[in-house]
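Open the model in your viewer and keep the selection panel at hand.

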Amino acid sequence: QVQLVESGGGLVQAGGSLRLSCAASGRTFSRYAMGWFRQAPGKEREFVAAISQSGGTTYYADFVKGRFTISRDNAKNSVTLQMNSVKPEDTAVYYCAADPRVSTGLLYDYWGRGTQVTVSS
């Protein structure tokens with residue numbers, strides 16, 4: 001069982017930066033690939049970024065490449081999403097997820113409750 005808690009969301013102006021964090025419980029964090037997803041009002045949840053268990057491989061959705069960076073610290077049981085050059089269309093609830101297999105799909109075993117990110121124009 002893995003419990004995930006996101007933090008760091010808030011209101012930011014377009015062009016600014018925000019850093020999201022996800023804290024995971026349990027001793028087996030390093031066994032899980034981690035992903036970030038987002039869901040805007042009236043839209044389906046979508047993949048943002050993912051990172052392998054070791055942190056050596058990362059994946060990004062095309063719309064965040066070059067702007068967002070995912071990283072993890074297995075010693076601290078945490079994963080972060082550094083968001084730079086944010087746009088109003090990045091406004092959404094951002095979710096952290098964990099699964100034994102790294103994937104860009106939605107079939108992750110464990111999910112956090114999300115943190116709201118609002119980008120003003």
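Select Arg38. At 6% relative accessibility, Arg38 counts as buried, a label for under 20% relative accessible area, with over 50% called exposed and the range in between partly exposed (1.4 Å probe, protein chains only). This is a predicted model: local features need pLDDT of at least 70, side-chain atom pairs count only at pLDDT 80 or more, and totals for chains, interfaces and linings use all residues. Residues are numbered from 1 along each chain as its sequence is written, and side-chain values use heavy atoms, leaving out hydrogens and water.

Arg38 sits in strand β4, residues 33-39. Strands here are DSSP runs (E, at least two residues), numbered from the N terminus.

Next, select Leu4, Met34, Trp36, Leu81, Met83 and Tyr94. These have the most contacts inside the largest nonpolar core, which has 35 residues. Such a core is a set of buried Ala, Val, Leu, Ile, Met, Phe, Trp, Tyr and Cys residues joined through side-chain atoms within 4.5 Å. Elements giving it two or more residues include β4, β5 (46-51) and β9 (92-99).

Now show the open sheet of 4 strands, ordered β1-β3-β8-β7 with antiparallel pairing. Pairing takes at least two DSSP bridges between two strands. The edge strands are β1 (4-7) and β7.

Finish on β7 and β8, joined by 6 bridges. Ser71 stands opposite Thr80 in β8.
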